[in-house]
Amino acid sequence: MKEMKEITWCPGCGNFIILSAIDEAVKNLKIAKKDIVFVSGIGQAAKLPHFIQPCNGFASLHGRSIANAIGIKIANSKLKVLVSSGDGDLLAEGGNHLIHAIRRNISITCFLHDNQVYGLTKGQASPTMWPDQITKIQAEGIKSKPMDPLPMALTLGATFVARTCVTDKKQLVEIMEKAINHEGFSLVQILQTCPSFNKMRDVNWYKNNVEYLDEKYDKTNFENALLSSLTTKERKIKLGLFYENNRTPYEKQFSLLKEKTLVERTLDHKYNNEDLKKII
């Protein structure tokens, strides 16, 4: 990881904790950095792969992190592919890519940084902002209903759905480790602070408005996961692993990819045309 003085986030930004947690999770799992690819879009959260060194990284266009991550995973399914980007990048500009990646269940780990604002462009509301959140730009709040990404993911067939918060790094690291090891699409919503543009939801607000899933919670119960993951004003926001199952990942359903990865194949192989037909 780079020296903190080289990192361009604002003091107090939740991204510092997320960066440290990812670094710790990867070390705990003893995965070589050469076997991981960090993919990002555009935004403050999307800068995270720039600060993890040495590692393989791919900086995509705004909203296109998932699309590029899919290409990387299909080309070399042996790699651990991690997407780290913001609520604007993944849910607004990149919303349609996220929807179909979840539906296909391709083995990508997606860390959704959720601070309810576009931090890079000075605090416009992201799709997860609630109407009662007042900021310098949203002086009267917003007029749209917020997106709730976890229930959405569950209805699309997500096989790993979790929510955590930067106020609890220990849980954050634990959930990241489980998400990285999961086969299939894993979505982790990370509630985080933005001290510059979302002053309403600071560390104290989160500490007073989140609670953990019960120790006896059943992560295989879909209906319970759907209800528990909903965020409403009437109750505290639940944190934890809501749902996990072992549905076969997208990339493991192709016989051609079971034999060897695409990057292990040579372009001049005499069977290339037949291989291509299998994929098509």
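Mentor: Begin with charge, and with what is counted: Lys and Arg count as positive and Asp and Glu as negative, while His and the chain ends are not counted. This is a predicted model. The chain carries 38 positive and 30 negative side chains, and the centres of the two sets are 2 Å apart.

Trainee: How many helices and strands does the chain have?

Mentor: There are ten helices and ten strands. The radius of gyration is 19 Å, close to the 19 Å that the globule rule gives for 280 residues, so the chain is as compact as a globular protein of that length. Along the principal axes, the C-alpha atoms fill a box of roughly 65 × 45 × 35 Å.

Trainee: What share of the 280 residues is buried?

Mentor: Buried means under 20% relative accessible area. By that cut-off, 51% of the 280 residues are buried. The chain exposes about 13600 Å², of which carbon and sulfur atoms supply 54%.

Trainee: And the contacts along the sequence?

Mentor: Take the contacts between residues at least 6 apart in sequence: 70% of them join residues at least 24 apart.

Trainee: Which side chain of opposite charge is nearest to Asp87, and how far away is it?

Mentor: For a salt bridge, a side-chain nitrogen of Lys or Arg must lie within 4 Å of a carboxyl oxygen of Asp or Glu. Asp87 is buried yet has no salt bridge; the nearest side chain of opposite charge is Arg201, 9.1 Å away. Asp87 belongs to helix α3, residues 87-93. Beyond its neighbours within four places in sequence, Asp87 is in contact with residues including His113, Asp114, Ser126 and Pro127.

Trainee: Pro127 came up there. What is the C-alpha separation of Ser144 and Pro127?

Mentor: The two residues are 17 apart along the chain, and their C-alpha atoms are separated by 8.4 Å. Ser144 sits in the loop between β6 (124-125) and α5 (149-155). Ser144 is partly exposed, with a relative accessible area of 48%.

Trainee: What should I look for in backbone angles?

Mentor: Most residues other than glycine have a negative phi. Lys30 has a positive value, with phi near 55°. Asn105 also has a positive phi, near 65°.

Trainee: Where are Lys30 and Asn105, and is each buried or exposed?

Mentor: Lys30 is in the loop between α1 (15-29) and β1 (36-40), and is exposed at 74% relative accessible area. Asn105 is in the loop between α4 (95-104) and β4 (109-114), and is buried at 0%.

Note on methods
Residues are numbered from 1 along each chain as its sequence is written. This is a predicted model: local features need pLDDT of at least 70, side-chain atom pairs count only at pLDDT 80 or more; totals for chains, interfaces and linings use all residues. Side-chain values use heavy atoms; hydrogens and water are left out. Helices (H or I, at least four residues) and strands (E, at least two) are DSSP runs, numbered from the N terminus. The radius of gyration is taken over C-alpha atoms; the globule rule is 2.2 Å times the number of residues to the power 0.38. Buried means under 20% relative accessible area, exposed over 50%, partly exposed in between (1.4 Å probe, protein chains only). Contact means heavy atoms within 4.5 Å. Accessible areas come from the Shrake-Rupley method with a 1.4 Å probe; for residues, only the protein chains shown count as cover. The place of a charge is taken as NZ of Lys, CZ of Arg, CG of Asp or CD of Glu.
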